[in-house]
Amino acid sequence: SSPCGTGQTCKDPNTAANSLHDFTCTCDSDTTIKKTDGPATCSKNECDSNPCGTGQTCNDPVQTPKSTGDYTCTCTNGVKATGGSATCTNDECASSPCGTGQTCNDPNTASNSLADYTCTCDNDNSIVKTGTSATCTLDECAANPCGAQQTCNDPNLSAAVTGDYVCTCPAPNQAI
């Protein structure tokens, strides 16, 4: 059996003599890589040095010592770059995570930051939630939309539901 291993060729220059430890292992993929008295290092995974950015996966399809810059960095959203870290953009507002009547803002679209977007209620910009939809309320009766002497009732205070308030006139012969 060969002392060199898979993907290597073993050459022993002194097959007629009983000399030990004089064989040479040569990589089949790159014949300039040789080692005497043991297997040569024929592979080099560029991903071992973690060249990609946070949240990226690395793939090195050709793992030879002379192969450089052929690794690929892939972002979680599928953006890829070969031979260097990918520029990942992650605009979390693109998926419309905020509810109706809310404005989404993602301050770090050029990073891999997750859940750093904010949802702000359109009718009350003091109500802000980070990484989740805000709970916005809208009492349409607060603007007094009903006529004089009418009672206003807004059964659903959700900002997502508008125009559901009811104006009720006083009963006939009722003192006002």
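**A strand pair and its surroundings**

Mentor: Let us start with Thr 120, which stands opposite Val 128 in E9; please keep in mind throughout that this is a predicted model.

Trainee: OK, and in which sense do E8 and E9 pair, and over how many bridges?

Mentor: Strand E8, which covers residues 118-121, pairs with E9 in the antiparallel sense, and the pairing runs over four bridges.

Trainee: What sheet do they belong to, and in what order do the strands come?

Mentor: They belong to an open sheet that three strands form in the order E7-E8-E9, with antiparallel pairing. Its edge strands are E7, residues 102-105, and E9, residues 124-130, each of which pairs on one side only.

Trainee: And by how much are neighbouring strands turned against each other?

Mentor: On average, and with direction ignored, neighbouring strands of this sheet are turned by 25° against each other.

Trainee: Switching to the whole chain, how many helices and strands does the protein have?

Mentor: The protein has zero helices and eleven strands, so that reading along the sequence gives the pattern β-β-β-β-β-β-β-β-β-β-β.

Trainee: What share of the residues counts as buried?

Mentor: Of the 176 residues of the protein, 27% count as buried. The accessible surface comes to about 11000 Å², and 48% of that belongs to carbon and sulfur atoms.

Trainee: Last one: what about contacts between residues 24 or more positions apart?

Mentor: Among the contacts in the protein with a separation of 6 or more, residues 24 or more positions apart account for 15%.

Key. Residues are numbered from 1 along each chain as its sequence is written. This is a predicted model: local features need pLDDT of at least 70, side-chain atom pairs count only at pLDDT 80 or more; totals for chains, interfaces and linings use all residues. Side-chain values use heavy atoms; hydrogens and water are left out. Helices (H or I, at least four residues) and strands (E, at least two) are DSSP runs, numbered from the N terminus. Buried means under 20% relative accessible area, exposed over 50%, partly exposed in between (1.4 Å probe, protein chains only). Contact means heavy atoms within 4.5 Å. Accessible areas come from the Shrake-Rupley method with a 1.4 Å probe; for residues, only the protein chains shown count as cover. Two strands pair if DSSP finds at least two bridges between them. Axes are lines fitted to C-alpha atoms, for helices over the stretch in contact, and angles run from 0 to 180 degrees between N-to-C directions.
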